[in-house]
Amino acid sequence: MAYMIEGETGPWEIVVGLEVHAQVISNAKLFSGAATAFGADPNSQVSFVDAAFPGMLPVINEMCVEQAVRTGLGLKAKINLESVFARKNYFYADLPQGYQISQYEKPLVGEGQVIVDLPDGRSTVVGIERLHVEQDAGKSMHDQHPTKSCIDLNRSGIALMEIVSKPDIRSPDEAGAYLRKLRSILRYLGTCDGNMEEGSMRADVNVSVRKSGESYRTRCEIKNVNSVRFVMQSIEIEAKRQIEVYESGGSVDQETRLFDPGKGETRSMRSKEHAHDYRYFPDPDLLPLKLKPDYVARIKDTLPELPDEKKDRFVRDYGLSPYDAGVLVVDRASADFFESVAKGRDSKLAANWVMGDFFGALNSTGKTIETSPVSAAQLGELIDLISDGTLSGRLAKDVFALMVETSKAPSVLVEEKGLKQVTDTGAIEAVIDQVMAANADKVTEYRSGKDKLFGFFVGQVMKASQGKANPGMVNDLLKSKLAG
Ligand code: MN
């Protein structure tokens, strides 16, 4: 289904393709042994190769190749057994070589696909055009000195995977869902940490609009957008701009634009460069990269269960709804946490507790599963106390709040606070007798046909027992007592 903006002359469809640069998880750079840790002092992780000293030769880092192949397999993509590194020539202050080593005509990974789960419950498939491996450039810093710019080459030479989607995305929502899913897959694979705020995943966003049934119109590329929200906003804003241009009789120029989230606009950076401007040619310092089929097969054997397969299994084995399963598998830690809570227990009850009170507590305390005050074993124990009747659902919520506060086991808290559910018939009957005696007038009204008062009596009994009376027993005993 297309995303339409109602314009004055009819509906427009948005067409988006994303080029995501994902930093490869590797201790060393793509063609040198320099370290890649984030946040190190400027220029402390730079080898002669990264600084492009004359006569230095690149040596491929096998770990980076393996990570890219693993990613390609995770994207259900074709792995090309022969790929070629090419020089992409351009001048920039933070690019000491004067070219970027990338892949052009023969990328390592070909066509693949990502299944995207949309907020409204639908799923759609976004095609992957290719994945190629390339070096990152350094970073210009303009805020270190009043009159000079500085260059940090720590990032120079770090391995990137450029993951190019087909123009299959039709709305800001779909773009957001695609990026989240891609990030989830990369994290499961352990090939990119997906931290957009640290720059390890950035997107170039290609946007055009068309009327339905038309072929593609001219697109604009919004460079280096560094959050999912900004990608979604920039698409909305850029599509509106193009529609306005067309509707006022103008034409859209192919160009590179910059998104300014503060001003809520995109603006022109430069007219779009074409591939031939870069004078690509195979890098004479590097042989074609040739892989053996059994090398690829060996990597395939080590792939973890990925989010789509895990989601299917959760629906099948735990009877969860596709939506709930989708929420739980977004990251591996949540999925693993749920599975240890659910093991040997009512899985729907486990899912409700994990996604409800537990995720809520993590949100409100700013904790993660790794730093959670409540362990999976403790949450499981709480569910056992509900299942065996020790705790009512209501009391369990109170106990859970105390668990978050104190990190104590639920059984300890139940004992300490005397929160155990009352299931003793005699004790509940005594409370009911008290409540009926104190509300004799209402008892008379009830007996003369005012059924609605039943809820009032339940409320009074629960209140008098401080919420500890077993609600099912209260119902049954009240009914028979009130009947007289
Ligand atoms: Mn690139």
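Predicted model: local features only at pLDDT ≥ 70, side-chain atom pairs only at ≥ 80, totals over all residues.
His21 is buried, and Glu134 is buried too. The manganese ion has three protein donor residues: His21 through NE2, and Glu134 and Glu162 through OE. Along the chain, the donor residues follow the spacing H-x112-E-x27-E. His21 sits in strand 2 (residues 10-23) and Glu134 in strand 7 (residues 123-135), so this pair ties together parts that are 113 residues apart in sequence.

Now turn to a loop. Tyr216 lies between strand 11 (201-210) and strand 12 (220-225). Is Tyr216 buried, partly exposed or exposed? Its relative accessibility is 46%, so Tyr216 counts as partly exposed. To be buried, a residue must be under 20%, and to be exposed, over 50%. Leaving aside residues up to four places away in sequence, Tyr216 touches Val15, Pro167, Arg170 and Arg210. Take Pro167 from that list. Tyr216 and Pro167 are 49 residues apart along the chain, yet their C-alpha atoms are separated by 9.4 Å.

Next come the helices. Start with helix 5 (residues 307-318) and helix 7 (residues 332-342). Their axes come within 12 Å and cross at roughly 15°. That angle makes helix 5 roughly parallel to helix 7, because angles under 35 degrees count that way. The crossing of helix 5 past helix 7 is left-handed. Which residues make the contact? Helix 5 supplies Lys310, Arg313, Phe314 and Tyr318. Helix 7 supplies Ala335, Asp336, Phe338, Glu339 and Ala342. Five residues of this contact are nonpolar, none are polar and four are charged.

Stay with helix 7 for a moment. Its buried residues are Ser334, Ala335, Phe337, Phe338, Glu339, Val341 and Ala342. What covers them? The cover includes helix 2 (172-189), helix 5, helix 6 (322-328), helix 8 (347-365) and helix 9 (376-387). Just after helix 7 comes Gly344, with a positive phi of about 75°.

Helix 9 also packs against helix 10 (residues 393-406). The angle is about 160°, and the axes are 11 Å apart. That makes helix 9 roughly antiparallel to helix 10, because the angle is over 145 degrees. Helix 9 passes helix 10 in a right-handed crossing. Gln378, Leu379, Leu382 and Ile386 come from helix 9, and Ala396, Val399, Phe400 and Met403 from helix 10. In this contact, seven residues are nonpolar, one is polar and none are charged.

One more helix pair remains. The axes of helix 12 (residues 425-438) and helix 15 (residues 471-482) come within 10 Å. They cross at roughly 50°. How are the two helices set to each other? That angle makes helix 12 oblique to helix 15. The crossing here is right-handed. On the helix 12 side, the contact uses Thr425, Ile428, Glu429, Ile432, Asp433 and Met436. On the helix 15 side stand Met473, Val474, Leu477, Leu478, Lys481 and Leu482. The contact residues divide into eight nonpolar, one polar and three charged.

Methods: Residues numbered from 1 in each chain as written. Heavy atoms only, no water. Donors = N, O, S within 2.8 Å, 3.2 Å for Na, K, Ca; no water. Helix = DSSP H or I, 4+ residues; strand = E, 2+ residues; numbered from the N terminus. Buried < 20%, exposed > 50% of the residue type's maximum accessible area, 1.4 Å probe, protein only. Axes fitted to C-alpha atoms, helices over the stretch in contact; angles between N-to-C directions. Parallel < 35°, antiparallel > 145°, perpendicular 65-115°, else oblique. Left-handed = near helix turned anticlockwise from the far one by under 90°. Contact = heavy atoms within 4.5 Å. Nonpolar A, V, L, I, M, F, W, Y, C, P; charged D, E, K, R; others polar.
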